[in-house]
Amino acid sequence: MPFIPHTEEDIAEMLASIGADSIEALFDEIPADLKGGTLKEVPPGLSEMEITRLMMERASQDGFYQNYIGAGAYEHHIPAAVWQITTRGEFYSSYTPYQAEASQGTLQLLYEYQTMMASLTGMDVSNASMYDGATALAEAALMAVRSHKSSRRILIPETVHPVYRKVARAIVSNQKIEIVEVPFDQTSGQIRLESLDAFATDDIAALVIPQPNFFGVLEQVDALTDWAHSKNALAIGVVNPVALALLKPPGEWGETGADIAVGEGQPLGIPLSSGGPYFGFMACKNSLIRQIPGRIIGRTNDLNGKPGFVLTLQAREQHIRRSKATSNICTNQGLMVTAATIYMSLLGPDGLRRVAAQSHANTSSLIKKLTAIPGVEQVFGSPFFHEAAIGLPSSAANVLAKLKQNGILGGFDLQTHYPGLENTLLVCATETKTEADIENYVSQFRQALG
Amino acid sequence: MLIFEHARPGRRNYSQAPKTSASVDDIPDHLLRKKQPLLPEVSEMDTVRHYTRLSQKNFSIDTEFYPLGSCTMKYNPRACNALAMLPQYLSRHPLAPEDTGQGFLACMYELQEILKDVTGMAGITLAPMAGAQGELAGVMMIRAYHEAHGDFERTEIIVPDAAHGTNPATAVMCGFKVVEIPTDKEGNVDLSALKAAVGPKTAGLMLTNPSTLGVFEENIAEMSRVVHEAGGLLYYDGANLNAVLGKVKPGDMGFDVIHINLHKTFSTPHGGGGPGSAPIGVAKRLLPFMPVPFVTLENGKYRWVTEQERPQSIGHLSAHMGNAGVLLRAYIYVRLLGREGMNRIAEFATLNANYLMAELRKIGFEIAYPTRRASHEFIVTMKDIKDKTGVTAMNLAKRLLDKGYHAPTTYFPILVPECLLIEPAETESKQTLDAFVTAMKEILDEIEQQPDMVKSAPHNMPLRKLDDVKAARELDLCWKPST
């Protein structure tokens, strides 16, 4: 049997030791009328050669496309070493480091990750990761409500990723937390301070501030952070980690910095993979450390005074506190964080900045060329980072369909989530695109517009 | 030595990053970063060597026997990883149109159908990204179901005291009050306590079966009847599905909603603590509430079902579709095993557990529920040993590390004092189990002859016992450069 090593002789000896007649006898405590349940839909087993052929056929069927879609998941070059090291069995097939002495590899790596992430976001501390960016935002909202004494209202602008807003709503709504969506300014594509005041009639636990926002637009993060603090609310930054190599980190926004920074870790060496597994990151100020959910690694000493690493502050967690835990979260995204840590180490501060700057320069170049086409315009007149919305003279869906026929995934149709944004395409060209790629896109785009 | 301590200012890798440093003069200065982040400035070889060496400080399934109870640490076939990492799967954008991903979607659809069959449920969604999120989705559906029936008085979720901590934590996250019920001395849920606990406030019962005590709930049919007659729904925590796969289906036990930990039963990697993946299965009456998206097949084409088509759905649980790469690995695993192989999982997991339990009892360990069959795991209690010698379950666990075995789960479930929860999984051979028994016997002898040595274990690991108290009191969560 696949992956079962027992010989007939082994089975006989084991049953004799147990004192059972057959393997079936070991299931004698299951009531007979419940047993049975034969499997009908499970096909017969395949050999490794056969499954290899099947998976390769299906992969070829899907093929490769030139990708210009971003919208929350970004294609970056992933150095070969990242996944070669990450999939070493010692990382791949180990579990949550409960036995610290036998898990120093994972624990030290997570400590290094926490250090890198706290520095990248400009915050005091980071946890060891969340499931993804959307759930990290939901957990940040819960955290804000726990730390705010009176309010259970969270302001989330419509410039935050639309699905993040849905996820946050789904996860927090059963705890009597109110998510209030703040409209954006149609001209700038930003949150306007003036429109926020209308929402400040009641206490607010937190304001969520995306940077860049879903449209790629850069928000006025300093003013927004200060506004939140002036209303006695926390400022929660939702940020792109690659962008942080270039952009002012949340910890330095406004007078005193944002309080919590979260986001999608995927751009840091995680393949697009149809949407997962990715990882969410979460960092915060020291004052909020006991409210943060998820695993946290601390440095300590062993009996001989040698430095080592352990899971710490476990009294916040479900396996200790059960119904009083900060969250039900159990595992984090260990393997993805392993990849991200190796990625950040390989790129270093200069390399990550180059990735961010080249991605931004490529998108800027693409936007410049596209908006030179009559009838095509940049929708929002604000500075952006590595992604921007363009308005078309005709249906975005038609253009996307024609580009697809030529092997190009041309962007994301914003009408999917913003009914008011007709004929609008969100495009992103990361550092993976060459000048020739961009020229090709522009030329195919002209033809698609007809 | 930390990666940061290998760094030298100005050192960098030339091949991995863009060749030029592009200008960003269209971004206003006040939005730019002024101080470079604390990422290490190291060479590629520094990085490769550092993280390879770190990996060697881990125990893992690939290097050691890992009988961690409740975690199902079975072998993770390499083919599952290699084939899920084919470049076409890795490079597919989550928002790429469905017609560019029919091969991938076919795998997802077939996985849904297979899981439906295995669990005996009416519908499957692959969306939840981990066991705890599967629980969250399941309990959210229970709530949505009652509310859709105009029933807003059901404010309580019943949870046995042996349950995983995620169960009560999840119920609270969904706005419920947790009612805990005790276990009887045979290891079953106390049926009279359950009967006393149910009523018009009961939204549902969360149950793991076989339980975390390693035994099958013999009264499951009666429990199901009691909860359903009170108007509640039954939640199946699939943490221990490996023990009954192909023997009994949760749907046949009367469960309304279940989650399946793919990183346990379907052998996707634990990855040092994630990523998980926990598809959920539902009975017919919960179909309208399933989280989105999931895959459907229409006119020979696969496509995602969205919330527009499912107005009663509890909604989205992640930014995209869930942990696609984990789901692919589980799909490949299932196809490798096939129907026959799937039927054998529970059989050999159970054989291994009962054999190990019998052998450990023979050498003198006390079994917590000696009159019961082990499911795929069982509990040893060290209470007597601790009373006599002062040696604790944790001491024994650390001494096992010295002998090259990962420790069993310790101090869970919390209702058995000084417990070790031992789960060998079906992929281990009799010879490995025998060697483990020999190591356990050696430790028993050591406890008798030199208890202080056992108490101060580990001795042969790169580090001695680590100071958890110092870690929590003097928090050091980030490295800081010495100035």
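**Exercise 1. Find the residue just after α9(A) that takes a positive phi, and give its angle.**

Step 1: Helices are DSSP runs of H or I of at least four residues, strands are E runs of at least two, and both are numbered from the N terminus. Step 2: Just past α9(A), look at Asn232(A), whose phi is positive, about 65 degrees.

A word on the model: it is predicted, so local features need pLDDT of at least 70 and side-chain atom pairs count only at pLDDT 80 or more, while totals for chains, interfaces and linings use all residues. Residues are numbered from 1 along each chain as its sequence is written, with chains lettered from A and ligands numbered from 1 in the order in which they are written.

**Exercise 2. Work out which residues of helix α9 of chain A are buried, and why they share a side.**

Step 1: Buried means that 20 or more other C-beta atoms, placed from the backbone, lie within 10 Å of a residue's own. Step 2: In α9 (residues 221-230), that gives Val221(A), Leu224(A), Thr225(A), Trp227(A) and Ala228(A). Step 3: These residues are on the same side of α9(A) because they cover an arc of only 160 degrees around the axis, taken from the directions from the helix axis to the C-beta atoms. Step 4: Among the elements covering them are α8 (193-197), β5 (206-211) and β6 (234-239) of chain A.

**Exercise 3. Describe where chain A touches chain B.**

Step 1: Counting contacts (C-beta atoms, placed from the backbone, within 7 Å), 160 residues of chain A meet 169 of chain B. Step 2: Helix α11 (residues 334-371) gives the most to chain A's side, with 21 residues.

Methods
Two residues are in contact if their C-beta atoms, placed from the backbone, lie within 7 Å. A residue is buried if 20 or more other C-beta atoms lie within 10 Å of its own, exposed if 12 or fewer, and partly exposed in between; C-beta atoms are placed from the backbone.
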